[in-house]
Amino acid sequence: MMRKHSKEYLQHLTPYQGYEILREGNKRFIQNLRNDHDHLELINQTREGQYPFAVILSCMDSRTSVELIFDQGLGELFSIRIAGNIVNNDILASIEYAIKYVGSKVLMVLGHTECGAIKSAKEGVADGHITDLLKRIQPSITKSLLDDKDYLFRDKVAYANVENSLEEILSRSKIVKEMFEKGEIGILGGVYNIDNGQVDFFKNLTRKGRGEKRLASA
Ligand SMILES: [Zn+2]
């Protein structure tokens, strides 16, 4: 078995396998079956370099730490966190660095239910720097409002907001778009449910290669 924290491991991992690792990790998390993350051992294994298989843009919400909810250890995820998982140029740069220069195979945008940023945007909160950040969530609120059947309005904005961030990333980053079109990276959109710990992988643009084997329970 190839050493996990190595360049070779990352080079051989496919985007679809990256998605499976996240999906299986979240299953372990909600079943309370987390892997044993020996932190000292992981410090040892990663001191020469980092080879995270995924880059995840998620909210700063304290209940949504990606290493926890996907049951991953040190050196396995690039975690970009900002209120409302919105996109700006520095975030695009961080994503581009992860996929092009480190070799992460999966790009995920993860929103969550009961998001305080979305709630504040809906209430039109304006204060300090918060005003400008919340403006970036407005298009998702407008989009959700246009739909009549919105009995799940609160969650709907969370979903629309993830879609909006993904669209922004794809339309603003040439690097992401090209690598995605070549099949070098997979793209995922998810919403984490703070009631039960489950991630709804509602958008999966990760193609499975022909004849690709399932990852033996990673
Ligand atoms: Zn949030």
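User: Before we start, what do buried and exposed mean here?
Analyst: Buried means under 20% relative accessible area, exposed over 50%, and partly exposed in between, with a 1.4 Å probe and protein chains only. This is a predicted model, where local features need pLDDT of at least 70, side-chain atom pairs count only at pLDDT 80 or more, and totals for chains, interfaces and linings use all residues. Residues are numbered from 1 along each chain as its sequence is written, and side-chain values use heavy atoms, leaving out hydrogens and water.

User: Thanks! Is Glu 76 buried or exposed?
Analyst: Glu 76 counts as buried because its relative accessible area is 7%.

User: And which side chain does Glu 76 make a polar contact with?
Analyst: That's Lys 4, at 2.7 Å. A polar contact is a pair of N or O atoms within 3.5 Å; within protein, one must be able to donate a hydrogen and the other to accept it, and residues adjacent in sequence count only if both atoms are side-chain atoms.

User: New topic: which residues are the protein donors of the zinc ion?
Analyst: Cys 59 (SG), His 112 (NE2) and Cys 115 (SG), lying 2.1 to 2.3 Å from the zinc ion. Donors are N, O and S atoms within 2.8 Å of the metal (3.2 Å for Na, K and Ca), and with water not among the atoms, sites may look incomplete.

User: What spacing do the donors follow along the chain?
Analyst: The spacing is C-x52-H-x2-C.

User: Are those cysteines buried or exposed?
Analyst: Cys 59 is buried, at 4% relative accessible area, and Cys 115 is buried too, at 5%. His 112 is also buried.
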